[in-house]
Amino acid sequence: MTFAAPQAGGNSIPTSTPLLWERYAAFERPILGALALTIFLLFWEGVARGWWADLLHPILGSSADALRVRPIFLASPSTIAMSAYSMLFETGELWPHLGLSAFEFVSALAIAVTLGVPFGLIVGRYQYLSYAVEPLLAALNATPQIALLPLVVLWMGTGVAARVFIIALLMIVPIVISAHAAVRTIDARLLRLARSFSASEAQVFKTIILPASLPYLLAGLRLAIGRGMIGIVVGEVYGSAVGIGVMINRAGSTFKTDRVFVGVFTIVIAGLLLSELVRRLERRVGVWRESAVDVQ
Amino acid sequence: MSSRANVDLEAGPLPLRAGRALSPGAQRAVVGGTTVLGCLALWEVVVAAGLVAPLFVSSPSRIAAKGIELLQSGEVWNDVRVSTTEFLFGYVLAAAVGISLGLAVGCFRRVNYFVGPFIDILNAVPRVTFLPILILWFGIGIWSKLAVVFLGAVIPVTIATHSGVRTSEARFVRVAKSFGATRLKVMTSIILPGTVPFIFTGLKYGAGRALLGVVVGELYASTAGVGHMIAEAGNTFDTDTVFFGVLLFTAAGLATTVVLNSMEQYFERWRPQGQQR
């Protein structure tokens, strides 16, 4: 064999090469991930600034101009970053929008949790109640509740109350469904045992049902947060005043593309932070979850 | 555990005297059906008694009448056609791209490292939030809805397919390889069939997202479609039409679920009984 492995003594390969490779291999995932994101951002910046059109102009001639994108369609990442910086720290105009949207989100979540969790748990606990409510829940779940938005505006106007209502409506369905499902999966032997020792219903709820449901409730919370993000964007289409969704809508209709991106990215970042928060909570509660269907 | 024991354990509250003769499934149907009918009757009565103006809540009979009127006059068909087109094209494209991307990401580690961050970021938020940008790019016509439907559905399909590939039986793959199966053969006869249940899970999630994309896209800004009909009816205080439009979406959601379930059964028929997942 002519291409046998290099002998230990006579090789001239510097020893740092395999080491470097090993180090790379250990961090291949983050390295490649960061590389992909960088390439993507550079490509985007290039499209927005016409780099690629300039670059290909000598080769393709005037047809390269098709790569030029008008700034009303695409803001470059650097423009977006600068505009975000100015809106956050120079003019500070993003804060009121962010504040009101956060307020709407939190109040809607509070309403959805305080109403949805007890309702779902109680309905799940009693068989006939469960039979009665199940078809209604299924129908409500199959309906995209956001389509009720025009009705909510009709009922409650376009103020903050209407927005909180529609966001809470979007959030409450996954919360009720997961609370209901949680009780249905509790080991029936535990409940029977508690009853044999003459535990009151309040005790059963407090010591068995609530702790056992916690993982499901958190899964429901995660879904509710996603729904709430939709509510922020769409629920604020109607009405004026302030809010992230309002800001996006207004910037979009005046073709201030960089501001649209700032608004959307604000919501994306908020979503990332919130889902990380729920993940931390789940870890603290010691939830083991199948990651197979961890999708929004 | 025998089924007999199961029934005993689940018998929480004492069964009603009349319900004792019925199986749990029948009890469920009776109680559920009664509640639904009761709610509809209550809704009808409250409006008929003049407690709430029909302008605000409509009523079952008015919605039904409106629905028949719209279907007969043929006004609604154009909107239905537009919404269906948006849904079908976006969803089918998302299924094709999502399944191939999921397979690629599952089979090739480096592809996963490259594409992973984008999928994770897109998965953290509902893609519907990108709608304002998509409208900027594709206008308020059919294309922006196609894009939002596609984006909504492609992520769950990709992620589910990916996890299907990851969890495919390593033993089967090893056996096939030791009998000299090519990569393609392993792919088509082991990985792909094992991934089918996961793909369908993704497709079901994706269908929900796709429908949401149609609704939100058309409510947000549009020129036609059932969502557009709802938004317009809302602006003119035509509550009956709003409810009818919402019902159309509900029916579409249920129909998609039924179709996907029967497709799944078709693809899963090779599995021996009792192994179905």
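Colleague: Why is Arg109(B) called partly exposed?

Modeller: Arg109(B) has 48% relative accessibility. Buried means under 20% relative accessible area, exposed means over 50%, and partly exposed lies in between (1.4 Å probe, protein chains only). Arg109(B) is therefore partly exposed at 48%. The model is predicted, so local features need pLDDT of at least 70 and side-chain atom pairs count only at 80 or more, while totals for chains, interfaces and linings use all residues. Residues are numbered from 1 along each chain as its sequence is written, chains are lettered from A and ligands numbered from 1 in the order in which they are written, and side-chain values use heavy atoms, with hydrogens and water left out.

Colleague: What makes the pair of Glu28(A) and Arg109(B) a salt bridge?

Modeller: The closest N and O atoms of Glu28(A) and Arg109(B) are 2.9 Å apart. A salt bridge requires a side-chain nitrogen of Lys or Arg within 4 Å of a carboxyl oxygen of Asp or Glu, so the pair qualifies. The pair crosses between chains, from helix α2 of chain A to helix α6 (residues 109-124) of chain B. A helix is a DSSP run of H or I with at least four residues, and a strand a run of E with at least two, each numbered from the N terminus.

Colleague: Is Glu28(A) buried or exposed, and how do you know?

Modeller: Glu28(A) has 3% relative accessibility, and it therefore counts as buried.

Colleague: Which other residue forms a salt bridge with Glu28(A)?

Modeller: Glu28(A) also forms one with Arg110(B), at 2.2 Å between the closest N and O atoms.

Colleague: How many salt bridges does the rule find across the interface of chain A and chain B?

Modeller: The rule finds three. On the side of chain A that touches chain B, the helices that each supply at least two residues include α2 (28-49) and α12 (257-285). The contact, meaning heavy atoms within 4.5 Å, takes 60 residues from chain A and 65 residues from chain B.

Colleague: What joins Asp238(B) and Lys66(B)?

Modeller: Their side chains meet in a salt bridge with an N to O distance of 3.7 Å. Asp238(B) lies in the loop between α11 (226-235) and α12 (239-267) of chain B, and Lys66(B) in helix α4 (residues 60-73), 172 residues apart. Asp238(B) is partly exposed at 23% relative accessibility, whereas Lys66(B) is buried at 17%.
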